[in-house]
Amino acid sequence: MGELTPYQTGPALTQAMLTQHGVALEWQDGEQTTLPLLWLRDHCACHACRHPQTRERLYLPLEAISEPPTVALLDGHLHLNWQDGHVSAFHSGWLYQRRPEASLTSAVPNAKPWVDNFAPERINHSDFLTPQGEKAWLTAMLRDGLALITDGPLVEEEVSRLAERIGPLRATNFGARFDVRSKPNPNNAAYTAVGLPLHIDLPNWCQPPDIQLLYCLQNEASGGESLFADGARVVEALRQQDPAALAILSETPIDFRFQDETHDISMRAPVITLDSAGNLVEMRLNNWIRDALHLPVEQMDAWYSAYALLWKLFHSEAHQLEFSLRPGQMIAFDNRRVLHGRREFDPNSGARHLQGTYLDRDMLASRLRVLARNV
Ligand code: OGA
Ligand code: ZN
Ligand code: ZN
């Protein structure tokens with residue numbers, strides 16, 4: 001069927017019959033459906049209808065089927081002989097997976113907001129290098145938006161090597177891989193020793209990076225603890241406490257902007273984006289690269305007070321996770337969902353050095369689907 005995800009184990013077809021609505025099917029387990037003729041023609045997997053190497057669709061379904069095919073069950077397949085001479089064969093397990101009555105299953109978990117006492121999944125570095133460990137990491141990342149790798153080697157660029165197992169590094173104006181430490185002439189608050197309140201990186205981009213990985217090489221300075229809070233959870237808390245504030249923050253686009261000698265990257269978008277069901281699509285909270293507030297004057301006070309409430313909820317003890325990264329640990333998080341920050345540190349008390357990079361969420365989901373093929 002030109003399909004890499006397994007489908008062969010589904011129940012066999014026991015009946016196939018032409019009706020006025022299409023082809024009525026029944027499987028061994030009693031499940032039934034009726035598939036319209038055009039749907040069946042559209043999904044033909046022969047080499048003329050689906051490219052044998054790329055597996056991509058070649059057939060274009062622009063014309064209704066005027067004459068019904070003849071229908072037969074043979075060798076676990078539904079065979080259709082169309083009136084123009086074309087022949088289609090569908091594996092019964094493949095059809096079973098795609099019957100309209102089945103709920104779509106996926107190897108990729110849905111996002112699940114953190115609950116009280118949430119603790120991130122911890123995966124040993126050597127386990128991450130195995131399919132099971134990688135799968136556990138990917139699952140936690142997509143479900144919780146945060147996962148910790150422990151006991152990794154203290155070598156430069158390990159963050160890039162780990163990230164490249166998943167997908168190509170997402171480069172930004174700070175490079176494909178960045179060093180987080182206090183630097184002379186910093187162009188970003190992260191490259192100082194100041195505390196960073198909770199934020200997402202790069203909300204000034206039309207598409208901020210999805211996944212951030214921070215690999216700790218040195219953390220001897222006093223202070224510098226890492227902070228995290230789940231946007232999915234905090235948005236729910238805001239909805240409970242003040243739905244009008246949630247409406248303001250999710251319906252009012254504001255400006256974000258980063259500027260240095262070579263860049264001026266700017267984006268207008270709300271702090272919270274929700275989907276039509278009210279679920280969080282993305283957060284854009286980063287107070288130091290928020291640009292001038294350009295709103296009708298009569299909306300400003302209400303916006304500031306909604307912003308203050310959201311800020312308090314994020315920084316409340318109930319919602320914040322705090323711990324020190326140890327050298328050899330890598331924290332990864334969904335930058336568009338889970339906010340991160342750090343406590344101030346004293347650069348004179350010891351070295352602090354993280355290396356970071358970004359990945360696309362699509363690549364995490366893709367790896368998980370590929371790993372799920374072999375179960
Ligand atoms: C960053 C950042 C956190 C840290 O580099 O974007 O937020 O712990 N760093 O230094
Ligand atoms: Zn065909
Ligand atoms: Zn950051």
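Helices (H or I, at least four residues) and strands (E, at least two) are taken here as DSSP runs, numbered from the N terminus. The structure is a predicted model, in which local features need pLDDT of at least 70 and side-chain atom pairs count only at pLDDT 80 or more, while totals for chains, interfaces and linings use all residues. Residues are numbered from 1 along each chain as its sequence is written, chains are lettered from A and ligands numbered from 1 in the order in which they are written, and side-chain values use heavy atoms, with hydrogens and water left out.

The secondary structure of the protein chain amounts to nine helices and 22 strands, and its C-alpha atoms fill a box of roughly 80 × 55 × 45 Å along the principal axes. Of its 375 residues, 46% count as buried, where buried means under 20% relative accessible area, exposed over 50%, and partly exposed in between (1.4 Å probe, protein chains only). The chain exposes about 18,500 Å², of which carbon and sulfur atoms supply 49%; accessible areas come from the Shrake-Rupley method with a 1.4 Å probe, and for residues only the protein chains shown count as cover. Among contacts (heavy atoms within 4.5 Å) with a separation of 6 or more, 73% are accounted for by residues 24 or more positions apart.

The annotation "domain: TauD/TfdA-like" covers residues 116–358, a span that is 27% helix and 30% strand and whose end C-alpha atoms lie 28 Å apart. The annotation "domain: Gamma-butyrobetaine hydroxylase-like N-terminal" covers residues 20–95, over which the chain is 13% helix and 33% strand, with the end C-alpha atoms 20 Å apart.

Ligand 1 is surrounded by Val-180, Ala-190, Leu-196, His-199, Asp-201, Gln-212, His-340, Arg-342, Arg-352 and Leu-354, a residue being counted as near a molecule or strand if one of its heavy atoms lies within 4 Å of it. By class, this shell has four nonpolar, three polar and three charged residues; Ala, Val, Leu, Ile, Met, Phe, Trp, Tyr, Cys and Pro count as nonpolar, Asp, Glu, Lys and Arg as charged, and the others, Gly among them, as polar. Polar contacts are pairs of N or O atoms within 3.5 Å; within protein, one atom must be able to donate a hydrogen and the other to accept it, and residues adjacent in sequence count only if both atoms are side-chain atoms. An N or O atom in the side chain of His-199 is 3.1 Å from an oxygen atom of ligand 1, a polar side-chain atom of His-340 lies 3.0 Å from a ligand oxygen, and for a polar side-chain atom of Arg-352 the distance to an oxygen atom of the ligand is 2.7 Å. Taken alone, ligand 1 exposes 290 Å², of which the protein buries 96%. The elements that give two or more residues to the shell are β10 (196–199), β20 (338–342) and β22 (352–359).

In helix α6 (residues 231–241), the buried residues are Gly-231, Ala-232, Arg-233, Val-234, Val-235, Ala-237 and Leu-238. The N-terminal end of α6 is capped by Asp-230, a side-chain oxygen of which lies 3.1 Å from the backbone nitrogen of Ala-232.

Ser-92 is found in helix α2 (residues 92–98) and, at 4% relative accessibility, counts as buried. Leaving aside neighbours within four places in sequence, Ser-92 is in contact with Pro-11, Ala-12, Leu-13, Trp-27 and Gly-76. Leu-18, in strand β1 (residues 13–19), is partly exposed, with a relative accessible area of 37%, and touches Val-23, Leu-37, Pro-68, Pro-69 and Val-71 when residues up to four places away in sequence are not counted.

Most residues other than glycine have a negative phi. Asp-75, in the loop between β4 (70–74) and β5 (77–81), has a positive phi near 50° and is exposed, with a relative accessible area of 73%. Asn-117, placed in the loop between α2 and β7 (121–124), has a positive phi of about 60° and is exposed, with a relative accessible area of 79%.

Methods: UniProt positions renumbered as here; feature names shortened; annotations may be inferred.
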